[in-house]
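The sequence and the structure are shown first.

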Amino acid sequence: MKVQLRKMSKDEFDIFSENSINDYTNDLMKSSDITMDEARIQAQGEFEEMLPNGLETQNNVLRIIVDVDEQKAVGTIWYLFEMTEGVKQVFLSDFIIKEEERRKGYASSALAEMEQDARQNDCSESIIYVWKHNLPGINLYTKSGYVTFREVDNGMYMKKGIKG
């Protein structure tokens, strides 16, 4: 199966923004002892802080994941390029495969496309944060070659070398 990552339109970004904030609100509530209102305010604030210029925020890549053969959108992916301790990295910020499209190989293919883009942008590592309650995500990233390098209260950071 082949996927393509194509740039989001403004309308797609608006839908993505709402979905991303809602998902993050739910993750915060699952992992913290806060109310829905508190989680929503935190999620909204962090989203706006990370993407102050929306689709045009520098070093951020917001894409629709498209099944090349069927020419249909199957999910979204948001990642950014950053320097950390002198190492250029790609950091996966948000990644969703539509419920009805899961377990078909789209997630693995989309990660591979992100990693290829990162290599072309001179990144040597890929970093992912995953919530401890997201067992399907942990399994996907582990299967894709990511290893845990730091655990925090509610999740873990995983990385994979992608140079070469």
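## Basis of the model

The model is predicted: local features need pLDDT of at least 70, side-chain atom pairs count only at pLDDT 80 or more, and totals for chains, interfaces and linings use all residues. Residues are numbered from 1 along each chain as its sequence is written, and side-chain values use heavy atoms, with hydrogens and water left out.

Helices (H or I, at least four residues) and strands (E, at least two) are DSSP runs numbered from the N terminus. In what follows, buried means under 20% relative accessible area, exposed over 50% and partly exposed in between, with a 1.4 Å probe and protein chains only.

## Aromatic pairs

Rings of Phe, Tyr and Trp (its six-membered ring) are paired if their centres lie within 6.5 Å; planes under 30 degrees apart are stacked, over 60 edge-to-face and the rest tilted. The count by this rule is 11 aromatic pairs. One of them joins Phe13 and Phe16, a tilted pair with 6.3 Å from centre to centre and 40° between the planes. The two residues are three apart in helix α1 (residues 10-31), so about one helical turn separates Phe13 from Phe16. Phe13 is buried at a relative accessible area of 8%, and Phe16 is buried at 4%.

Tyr24 and Trp131 make a tilted pair, because their ring centres are 6.1 Å apart and their planes lie at 45°. Since Tyr24 belongs to helix α1 and Trp131 to strand β5 (residues 125-131), this pair ties together parts that are 107 residues apart in sequence. Tyr24 is partly exposed, with 24% relative accessibility, whereas Trp131 is buried, with 12%. Tyr24 and Trp131 also belong to one aromatic cluster together with Tyr129, Phe149 and Tyr157.

## Charges over rings

A charge is taken to sit over a ring if NZ of Lys or CZ of Arg is within 6 Å of the ring centre and within 35 degrees of the ring normal. The charged end of Arg150 is placed over the ring of Tyr157, at 4.3 Å from its centre. Tyr157 is a member of the aromatic cluster described above. Lys88 lies over the face of Phe81, and the distance to the ring centre is 5.8 Å.

Axes are lines fitted to C-alpha atoms, for helices over the stretch in contact, with angles from 0 to 180 degrees between N-to-C directions. Helix α1 and helix α2 (residues 36-50) have axes that come within 8 Å and cross at roughly 135°. The two helices are therefore oblique to each other; angles under 35 degrees count as roughly parallel, over 145 as roughly antiparallel, 65 to 115 as roughly perpendicular and the rest as oblique. The crossing of α1 and α2 is right-handed, a term for a near helix turned clockwise from the far one by less than a right angle, anticlockwise being left-handed. Residues making the contact (heavy atoms within 4.5 Å) include Phe13, Phe16, Ser20 and Tyr24 of α1 and Met36, Ala43 and Phe47 of α2.

For helix α3 (residues 106-120) and helix α4 (residues 135-143), the axes come within 11 Å and cross at roughly 55°. That angle makes α3 oblique to α4, and the crossing of α3 and α4 is right-handed. On the α3 side the contact is made by Ala107, Ser108 and Leu111, and on the α4 side by Leu140, Tyr141 and Lys143.

## Two buried residues

Ser20 is located in helix α1 and is buried at 8% relative accessibility. Apart from neighbours within four places in sequence, Ser20 is in contact with Phe47, Trp78 and Asp94.

Phe95, in strand β4 (residues 87-97), is buried, with a relative accessible area of 13%. Residues up to four places away in sequence aside, Phe95 touches Ile65, Thr76, Ile77, Ala107, Ala110, Leu111, Leu140 and Tyr141. Phe95 and Trp78 are 17 residues apart in sequence, and their C-alpha atoms are 6.3 Å apart.

## Loop residues with positive phi

Most residues other than glycine have a negative phi. Arg103, which is not a glycine, has a positive phi of about 65°. Arg103 lies in the loop between β4 and α3 and is exposed, with a relative accessible area of 82%.

Asp122 is not a glycine either, and has a positive phi of about 65°. Its place is the loop between α3 and β5, and Asp122 is exposed at 62% relative accessibility.
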